[in-house]
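Have a look at it first, then read on.

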Amino acid sequence: MAIEVVREYLKKWDADKRIIEFDTSSATVELAALAVGCEPARIAKTLSFLVEDHAILIVAAGDAKVDNPKYKAQFHTKAKMLSPDQVTEMIGHAVGGVCPFGVKPGVEIYLDESLRRFDTVFPAAGSSNSAIELSMEELERFSGSTNWIDVCKGWS
């Protein structure tokens, strides 16, 4: 189970005990916001894309949408989301629980500027009923990414 992979992954920062598991689904931004008890914008959604032949993840605020021209300028290709089967195969988590922790080797992780307006956000933790509250510094450290990009719209 992917949540166990994430739990094991987060142990190196002693953050595994901070994973919150819900009795209800948190598989969408709206459901996660209800489960956590925060505004939807503070849900850090993790989006999966195919660039050339490899997967990338973009972690963005719950109210942000990918801006196709900005995406194309950043990655020099049209935005092509992974299919649910590709997500599981290439990322290691199923849709609804995708997060930037404990992913398969070679997956590049990017953090969108839409997140920086918050002190803390809530990404998923490997299952469709989990989350973890993280500061931006923790999100960077735990995801292993300092790749901040600006590819979203609708949030500012």
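F49 stands opposite I56 in β3. These strands, β2 (residues 43–51) and β3 (residues 54–61), pair in the antiparallel sense over eight bridges; pairing here takes at least two DSSP bridges between two strands. Strands themselves are DSSP E runs of at least two residues, helices are H or I runs of at least four, and both are numbered from the N terminus. Two residues sit between the strands of the hairpin, and E52 takes a positive phi near 55° there.

A word on ground rules: this is a predicted model, so local features need pLDDT of at least 70 and side-chain atom pairs count only at pLDDT 80 or more, while totals for chains, interfaces and linings use all residues. Residues are numbered from 1 along each chain as its sequence is written, and side-chain values use heavy atoms, with hydrogens and water left out.

## What pairs with what

β3 is mostly covered, with seven of its eight residues buried. Buried means under 20% relative accessible area, exposed means over 50%, and partly exposed is in between, using a 1.4 Å probe and protein chains only.

β6 in turn pairs with β8 (residues 134–135), in the antiparallel sense and over two bridges, and T120 stands opposite S135 in β8.

## Rings in a cluster

Now for the aromatics. A pair of aromatic rings is described by the distance of the centres and the angle of the planes. Rings of Phe, Tyr and Trp (its six-membered ring) count as a pair if their centres lie within 6.5 Å; planes under 30 degrees apart are stacked, over 60 edge-to-face, and the rest tilted. The structure holds five aromatic pairs. One of them is Y71 with F75, a tilted pair at 4.8 Å centre to centre and 45° between the planes. Both residues lie in helix α3 (residues 68–75), four residues apart, or about one turn of the helix. Y71 counts as buried because its relative accessibility is 0%, and F75 does so at 11%.

How are the rings of F75 and Y110 arranged? Their centres are 5.0 Å apart and their planes are at 80°, so the pair is edge-to-face. This pair links distant parts of the chain, F75 in helix α3 and Y110 in strand β5, 35 residues apart. Y110 is buried as well, with a relative accessible area of 11%. Ring pairs link F49, Y71, F75 and Y110 into a cluster, which brings back F49, the residue opposite I56.

Elsewhere, R116 lies over the face of W148, at 3.9 Å from the ring centre. The criterion for a charge over a ring is NZ of Lys or CZ of Arg within 6 Å of the ring centre and within 35 degrees of the ring normal.

## V151 in its loop

V151 is found in the loop between β9 (148–149) and β10 (152–153). Is V151 buried or exposed? With a relative accessible area of 0%, V151 is buried. Leaving aside neighbours within four places in sequence, its contacts (heavy atoms within 4.5 Å) include Y71 and F75 from the ring cluster, along with I58 and D112. V151 and A73 are 78 residues apart in sequence, yet 8.7 Å apart in space, C-alpha to C-alpha.

In helix α1 (residues 2–10), the buried residues are A2, I3, V6, R7 and L10. Seen down the axis, they fall within an arc of 145° (taken from the directions from the helix axis to the C-beta atoms), so they line one face of the helix. The buried residues of α1 pack against β1 (20–21), β7 and α5 (136–143).

S130 lies in β7 (residues 130–131), and counts as buried because its relative accessibility is 2%. Its side chain makes a polar contact with the side chain of S127 at 3.0 Å. Such a contact is a pair of N or O atoms within 3.5 Å; within protein, one must be able to donate a hydrogen and the other to accept it, and residues adjacent in sequence count only if both atoms are side-chain atoms. Beyond four places in sequence, S130 is in contact with residues including I3, I20, E21 and P123.
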